[in-house]
Amino acid sequence: MTWPAHQFCHWNCFLRAYKCQCLLSCREEVKVPLPGPPPGHAARRCCAPWRARRTAALRRMGRLRAASARRSRRSSAAASPSAGSARSGRGKAAISAPAGPGAQEQPPAPGDFDLGEQRGRWAAFQERHRLSCEEAARLLLDAFEHRGLVKHTGGCHCGAVRFEVWASADLHVFNCNCSICTKKQNRHFIVPASRFKLLKGADNLTTYTFNTHRAQHTFCKTCGVQSFYTPRSNPDGYGIAPHCLDEGTVQTIVTEDINGKEWETAVKEHKTIKDMSKP
């Protein structure tokens, strides 16, 4: 069968590009001799698109070969851990073996993790939210570990004290009528200490205690607002003032009255208050 010059040009370039695609799929180099072009066809413009596709395919093939070589090196290093020093992550020095018999072995430094096919999604997520790699990882880990919860932020009136807390969007708030809670209208909801983080203002806080000194009533030195404190009923958690949270994350608030004038009896008879500070 005789091909016209322009059709032969398209077909020949297509075969060359298709050969590279086969190499990408099976990762084996199959040497298929291709017929040479007819005289005078090399300068035709119709070759340009296929040349570009062929060049892109060759580059992809080179990246696949490089990745395969890296995986082979990692697997061989894992099979023989005693053969040389382990390669560390990007920009990190390798950890050498302990010098003496009494020296303690240090844990390996965390290296880069392979994102695989999710590399593009990860880069797009960072760019869209303008986050560093550490900030993006922290956000996703927090969202995974605190599933079903919302990250609330808040602080005092002057802004010197700021915090974040993971809790439900539907808050269960206690309204205590003990002497100090009545004086300062201390309505609060309770969270475990692991879900609370003070962002700034640790040096701008002061603490008031009385009676048993178990409750730590912390407030801002500048504006006097108590946005959170350590309650006597839950010393392993925090009591957060819902009225000191930023707008937009609270959906509903259910208030429960608790008889702080007979505190010991009220806490003993309450079925869930002690568990509210448990992770």
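Predicted model: local features only at pLDDT ≥ 70, side-chain atom pairs only at ≥ 80, totals over all residues.

Me: How many salt bridges does the structure hold?
Reply: A salt bridge here is a side-chain nitrogen of Lys or Arg within 4 Å of a carboxyl oxygen of Asp or Glu. One of them pairs Arg 162 with Asp 246. The total for the structure is four.

Me: Which residue forms a salt bridge with Glu 164, and is Glu 164 buried or exposed?
Reply: The partner is Lys 151, and the closest N and O atoms are 3.9 Å apart. Glu 164 is in strand β2 (residues 162–167) and Lys 151 in strand β1 (residues 150–155), 13 residues apart; helices (H or I, at least four residues) and strands (E, at least two) are DSSP runs, numbered from the N terminus. Buried means under 20% relative accessible area, exposed over 50%, partly exposed in between (1.4 Å probe, protein chains only). Lys 151 counts as partly exposed at 32%, while Glu 164, at 7%, is buried.

Me: How many residues apart in sequence are the parts that Arg 162 and Asp 246 tie together?
Reply: Arg 162 and Asp 246 form a salt bridge whose closest N and O atoms are 2.7 Å apart. Arg 162 lies in strand β2 and Asp 246 in the loop between β9 (237–240) and β10 (252–258), so the parts tied together are separated in sequence by 84 residues.

Me: What is the relative accessibility of Lys 278, which forms a salt bridge with Asp 236?
Reply: In this pair, the closest N and O atoms are 3.4 Å apart. Lys 278 sits in the segment after α6 (263–269), and Asp 236 in the loop between β8 (228–229) and β9. Asp 236 counts as partly exposed at 33%; Lys 278 is also partly exposed, at 46%.

Me: Where is His 213, which has a positive phi although it is not a glycine?
Reply: The phi of His 213 is about 60°, and its relative accessible area of 44% makes it partly exposed. As for its place, His 213 is in the loop between β6 and β7 (217–220).

Me: Is Asn 204 buried or exposed?
Reply: Asn 204 lies in the loop between β5 (196–200) and β6 (205–208). Beyond its neighbours within four places in sequence, Asn 204 is in contact (heavy atoms within 4.5 Å) with Ala 160, Phe 219, Cys 220, Lys 221 and Thr 222. With a relative accessible area of 18%, Asn 204 is buried.

Me: Which element gives the largest share of the lining of the largest cavity?
Reply: On a 1 Å grid over the protein atoms alone, a cavity is a set of points where a 1.4 Å probe fits but cannot get out, and lining residues have an atom within 4 Å of a point. The residues that line the largest cavity include Leu 205, Thr 218, Phe 219 and Cys 220. Three lining residues, the largest share, come from β7.

Notes:
Residues numbered from 1 in each chain as written. Heavy atoms only, no water. 1 Å grid on protein atoms, 1.4 Å probe; cavity = no way out; pocket = protein on both sides within 12 Å on 5 of 7 lines; lining within 4 Å.
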